[in-house]
Each structure stands twice: as structure tokens, then as C-alpha cells.
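Please look over the structure below with its sequence at hand; the paragraphs that follow go through it step by step.

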Amino acid sequence: MTAFLARRAVTLGVTVLLASFVVFLIPYVTPGDPVRKIIRSRVAGEVIDDSVVQGLAADLGLQDPLVVQYLRWLGRLLGGDMGLSYASRTPVVEQVLPALGITLSLVVMTLGTAAVVSVVLGVVAALQEGRAADRVITTITQAFIAVPEYWLAPVLVLVFALNLSLLPSAGWAGPSSAVLPVAVLALRPTSYFTSAVREGMLDALGAEHVVAARARGLSHSRTVWRHVVPNGLLPLTTLVAVWFAGLLGGSVIVEVVFAIPGMGRLLYDAVRNSDIPLAQGGVVVVVGLAVVLTTAADLVHGLLNPRLRGHRA
Amino acid sequence: MRERPVLVLAASAVLALVVLAVVLAPWLAPYPPADQDLAARLAPPSAAHWLGTDHLGRDTLSRLLDGGRFSLTVAALATVLTGVIGTVIGVVSARRRGWLDELFTRANDVLLALPEMVVALFLVAVLGPGHLSLLLALTVTGWTPFARLARALTYDVSARGFIEAARVLGCSPSFIVLRHVLPHLAGPLLGQATLRFGQFLITVGALSYLGLGVQPPQSDWGAMLAAAQPYATRSPLTILAPGLVVFVVALCVTLIGQRLARVTSTRMVLASAPSRTVPDA
């Protein structure tokens, strides 16, 4: 177990360092003078004069070797200093944190919805294996992954917001504004979760202790609830953690369509406006959090499945 | 579960029809895709315009046929590219093992944690929008599912008697891979490729929808949807049609891919009994 933990920790560290280095390089590899771009993200005023640029470059250490500059940048990042956004001229961190909060609540609601729906559907499908209910559930949930979000979202807005006036068409204020975005976002995870629950339940139904429980004379419902469901839902736990990481950066379309000021919207705006500091801050936060969550999912997986610790890293 | 080849056959037929229509677009389309008829803006379906027109009076059907070329081409190229890269990496890892396997597994873990859309946004920001950055964005993270599958299957196949026999007979490692390993991977990888094509098609549309994929004057299904959105209430068909095409194609491809994956994996299991545990990728 110690070796397993150590390997995961090393992978985590290397990933975060690599990703942050790539993000650090953005001003150097995009078109234009890197020195001016970096000065723009650190100095509140507009700097045009060449001699002033030279002086600032020296002050900010922009003539130092790249590695030194990277370490300095990393240090500032860890201290919560991500520079100034080009567009708003305010610290990036002040925009990233509220956006992260909104996306996190969106993701939590989405995964909660997907988990509840898929547990119900998956359990029913497994208990009705091969019968009509199973076939309908399996076919429909499989079709969910083929639905483009950028189509479903505007169509739902058209129907529920513009034609029926039941729900708000955009924005992020109150529970009613979350209904449509969560419905759109939950479709894909529901598809994968349902099939995982169904498979897990079928495996659990065939297990020897279930046969033994039946042989002991336990009633059907008691067998199912005591012995099948808890084991059958096990695969769902790691899947939810993996999807948590994926949805953090996967809500771009939904946030853009519904004008939700979350991380997806922030990254999209940053890219459209070539707002380098904002893009850097957004990517670092999303990727960092995603990597930590994926590692956490692996650890949970390792804890629940002792057999994996030896091979898997 | 009862098998339903009817559904898969129907899906294949629909898919073939759409692809054929897109390929033959220059001959089939009733109008040139960029032709504007400002007098007939946002027209409802009629004999002249089967699916109506958009906000510039362009024929929706002609634009659908033309726009499919970009979406389908990029998705197909991405599928082939990621399929080949992933298969090579997966097979080499599983055959060589050792530090190479360790390195690829680690790279795979790293990429798995990166959200696909964020990587795409990042690359488009750095390289600028266009075919190439779009393809690169899909490839950077897209090869990993193929590599994981190819690696696991190669581990499985490598443990079997005929591989050992071929080695003892003095066959070269490359001959063994080409002649004995790859044929066993072909089926499951094809299923995987089909499923991935559907997902790529959706992602290409998503990036075009965000204005980061296809650039005007070119258009594709995602870009059509984005352009039509302000006029959705006046002419719902302009947003319904392009999305419906993406959905139908993705659905057909998914049905076919799931069927392929199921059939070939059953065959694999039957052929490789007794099954051997593989280190998970």
C-alpha cells in the first residue's frame, strides 16, 4: 500500500509540474513579444515607452533564464497571485474563485442527479434483465451519449423558456436557473453510470454469497437489498469521482449557452479575448483540481480493490 | 440479451445514406451553400427550400450537405490518427514491457486527468483556430482509450500458446505482432474506433459551435447551430436540423460501435478461455 501511495503521489506531482510549466509557457509561445505580454499582466497601467519596458523587464526578472522565471512564477501562483486579467484589469484570482464555486455547485448537482437517476434505472434494468424494461432502459440511456449538448441546450431553452415560459433561459440565480443546465449536463454521466450500475448489479446477483443467502431461505427483496445492491453500486463510486474531474472542464458548452459565469465560461472568454493571465489561471485551477480528483478516485479504487495495488500504479 | 441486428442494420443504412449525401453534396444540393436570397430570409419549408432558409436566406438543406464535409472529415481523420497512434503505443507497451510500458502508462494517467475541452481550448488559444489545431487538440488526449484497449488485449493474447510457439519457431517480434497479435485486436479496436468517431463528431461540432473550429466562410453543423441561435424563436428548424443530423449520425455510429464491441469481446472471451488477469492500464 505504501508503494502504491508513493507512486500515485509521484505521478500527481509530475503531472501538476508538467501542466503548470506548459501553462507558464503560454506568453512565450503565442504570437507577440512575451516581455510586453507579461508586463501587461503585472502592471496596472498601459506601458508603451520602450525604455520603461526595458526597466520593467529588468525589475520583473524577465531576462533571467526560463527555469528561474518559471520557479518565480510558480512561487507567486502558490501564493495565490495569478496576475491581472487583460480585459478587466483586476486580479485573476478574484475572477477564478467565484467562477470555480459556481462550476463546483453545477457539477455537484449534475452528478447527484445522474447518480440518483442511474441507480434507479440500473437496478431496475438488472433485476429485469433481458425483459422489456431492461431493453428500453439500456437502449435509451445508451442513446444519451449521442446527444450533442450544443443542440439539446438551445432546444430546451426554446421549449421551456421561450415557448412555455416555465424556466429562465439563462443566468445563474436561484434553483430554477439550474434545472435546464443540470438536465443537459447530466445526460452523458447518466448513460455511463446506468450501464455501470447494471453491470455491477448483474455481477453481484451472480455472486456465491447471494446464492448462499437464497439457499438460507432469505426473501428475494431482503437478498437484493442486503447483499446485492451494496456490492452492485460499488463501481459507481470511482466513476463518480472520475466524472467529477471531467465535468470541471466539460461544462464549457452548457455554461456558454446558459450564460453561467463559471469556469467553462471564464476559459471560453479568456480564449476569445486572448486574455493570457485569465486563461493561465483558469487552466491551472481546472487541471490541478482534476488531477487531484483523479488521484483521489484511484486511491479509493485501490482501497476498495486490494488486488490492484500491486500492479497498478 | 436478445440480439437485434435489425437495429444495427437500420443504423448502418442511415449512416451510409448520410455519408453518401455529404460526399455527393455538390451534385445533390439544390443551391450553392453560400447563395443568399435576402428576400426569402428565415423562410419555412417549401417546395423551393425543403428545410427552409437561414437568416441570410441561404438554403438550409444545401448548407447541411456542405457542412457535413468538414465535421465528418475532421472526425474521421481524428479517429484514424488516434487509432493508429494509440494501437502502436498500446501494442509496443505490452510487448516490450519494462520502462517503456511504465512511461506510456504514466503518460496515459496524466492525459486521463486533463479535461478534453480545456486542452482543446488551450491549444486553439496558442495555435489559433483552424483544421490543424482542431485535429491536434482531438489527438493529444484522444489516443489514450485506444492505447489502453490495445495494451490490455495484447497482454491477453501474448499469454497464449500460439505466440509462444511462434517465438520458439524463430519468428521475429515484428512478424509475431503483425501476423498473430494485430489480427486479434482488429475487432475490438474497430468497435472502439466506431464509438470514438461518434464522440469526435460531437466534439468537432462543439468547438465549431464555440467559434473555435471551422472558420467562416466555411461552415459545419456546429457553426450552423451557433449562427441560427438568435433566430431560434422565429425559425426553430434552423437550429433543429443541424443538431438533429449530428445526433442521428452519432446515434447510428454508437449503435454500430456498441454492437461491434459486444460481438468481438464475446468472441475474445470464448477464444481466450481460461482468462488471465491483466494488469489494468
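**Where the chains meet**

In this predicted model, the contact between the two chains draws on 39 residues from chain B and 41 residues from chain A. On the side of chain B that touches chain A, the elements that give two or more residues are helix H4 (98–113), helix H5 (116–127), helix H9 (173–209), helix H10 (221–228) and helix H11 (237–271) of chain B. Of these, H11(B) gives the most, with nine residues. Sorted by class, this side of chain B holds 27 nonpolar, nine polar and three charged residues.

A:Pro154 counts as buried because 25 C-beta neighbours lie inside 10 Å, where the cut-off for a buried residue is 20 or more. A:Ser169, which is 15 residues from A:Pro154 in sequence, lies 9.0 Å from A:Pro154 in space, taken from C-alpha to C-alpha.

Turning to chain B as a whole, the reader will find eleven helices and zero strands, so that the pattern read along the sequence is α-α-α-α-α-α-α-α-α-α-α. Of the 281 residues in chain B, 48% are buried. Among the contacts in chain B with a separation of 6 or more, 71% are accounted for by residues 24 or more positions apart.

How values were computed: Residues numbered from 1 in each chain as written. Chains lettered and ligands numbered in written order. Predicted model: local features only at pLDDT ≥ 70, side-chain atom pairs only at ≥ 80, totals over all residues. Contact = placed C-beta atoms within 7 Å. Helix = DSSP H or I, 4+ residues; strand = E, 2+ residues; numbered from the N terminus. Nonpolar A, V, L, I, M, F, W, Y, C, P; charged D, E, K, R; others polar. Buried ≥ 20, exposed ≤ 12 C-beta atoms within 10 Å, placed from the backbone.
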